[in-house]
Amino acid sequence: MDLGTHDTRAASEAGAPMRVYGPDGSLLMDGDEPVTITLCGADSPKFSAAQKAIAKRRGMQAARNGSDRELNDLIELMADVTVGWSGIDYLGQAPFPCTKANAIRLYTDLRWLLEQVISFVTERANYLGN
């Protein structure tokens, strides 16, 4: 078996679209199209670089509340691997631009969305292609 056929690095870096489901489990739609967030995977260089930057920053900062710091770091990591989205409006802003700051805002405010993003990014099968 050639394990190289299961290498997810390139696909992880290119990103894959995640369909967004509401907190009730229903697929969110923007007209006839599903709402999506395009995310780099956990095997991507972008993910690794974001992890290293967070670790470096942690080493330079004075100790603060551990659980808050860990959650904020996780939100920032997921924002760093968010490379696009479609169909997302937020609090009256339509369209809501895909920026790191806006991704942090969404993932901070909408914990159910953060949970979906984490699950998607860490599931390698999402980056193997179908």
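Buried means under 20% relative accessible area, exposed means over 50%, and partly exposed lies in between. By that cut-off Asp80 counts as buried, because its relative accessibility is 17%. The model described here is predicted.

## Overall build

The chain holds five helices and five strands. From the N terminus on, the order of elements is α-β-β-β-β-α-α-β-α-α. Along the principal axes, the C-alpha atoms fill a box of roughly 50 × 50 × 25 Å. The chain has 130 residues, and 33% of them are buried.

## Salt bridges

Side chains of opposite charge can pair when their charged atoms come close. A search of the whole structure finds three salt bridges.

| Acidic residue | Basic residue | Closest N to O distance |
| Glu76 | Lys100 | 3.2 Å |
| Asp80 | Lys100 | 2.9 Å |

Asp43 sits in the loop between strand S4 (36-39) and helix H2 (45-60), and Arg124 sits in the segment after helix H5 (111-121), so the pair ties together parts that are 81 residues apart in sequence. Asp43 has a relative accessible area of 22% and is therefore partly exposed. Arg124 also counts as partly exposed, because its relative accessibility is 47%.

Which residues are linked in a network of salt bridges? They are Glu76, Asp80 and Lys100.

Is Glu76 buried or exposed? Glu76 is buried, because its relative accessible area is 19%. Asp80 is buried at 17%. Lys100 has a relative accessible area of 37%, so this residue is partly exposed.

## Aromatic pairs

A pair of aromatic rings is described by the distance of the centres and the angle of the planes. Three aromatic pairs turn up in a search of the whole structure. One of them joins Phe120 and Tyr127. Their rings are 5.7 Å apart, centre to centre, with 70° between the planes. What is the arrangement of this pair, edge-to-face or stacked? The pair is edge-to-face. Phe120 and Tyr127 are both buried.

Trp85, Tyr90 and Phe96 form one aromatic cluster.

## The loop between S5 and H4

Two backbone features fall in this loop. Most residues other than glycine have a negative phi, and most peptide bonds are trans. Leu91 is not a glycine, yet its phi is positive, at about 50°. Leu91 lies in the loop between S5 and H4. With a relative accessible area of 65%, Leu91 is exposed. The cut-off for exposed is over 50%, so Leu91 passes it.

Which peptide bond is cis? The bond from Ala94 to Pro95 is cis, with omega near -10°. Pro95 is placed in the loop between strand S5 (82-86) and H4.

## A negative surface patch

Which residues form the negative surface patch? Asp30, Asp32, Glu33 and Asp89 form the patch. Asp30 belongs to strand S2 (residues 29-30). Its relative accessible area is 43%, so Asp30 is partly exposed.

## Helix H1 and Phe47

Glu13 lies in helix H1 (residues 9-14). With 34% relative accessibility, Glu13 counts as partly exposed. How many residues apart in sequence are Glu13 and Phe47? The two are 34 residues apart in sequence, while their C-alpha atoms are 8.3 Å apart in space.

Technical notes
Residues numbered from 1 in each chain as written. Predicted model: local features only at pLDDT ≥ 70, side-chain atom pairs only at ≥ 80, totals over all residues. Heavy atoms only, no water. Patch = residues over 30% accessible without salt bridge, like charges linked within 9 Å, V, L, I, M, F, W, Y side chains within 5 Å. Areas by Shrake-Rupley, 256 points an atom, 1.4 Å probe, with all protein chains shown as cover. Salt bridge = Lys/Arg side-chain N within 4 Å of Asp/Glu carboxyl O. Lys, Arg positive; Asp, Glu negative; His and termini not counted. Charge placed at Lys NZ, Arg CZ, Asp CG, Glu CD. Helix = DSSP H or I, 4+ residues; strand = E, 2+ residues; numbered from the N terminus. Buried < 20%, exposed > 50% of the residue type's maximum accessible area, 1.4 Å probe, protein only. Phe/Tyr/Trp six-rings, centres within 6.5 Å; stacked < 30°, edge-to-face > 60°.
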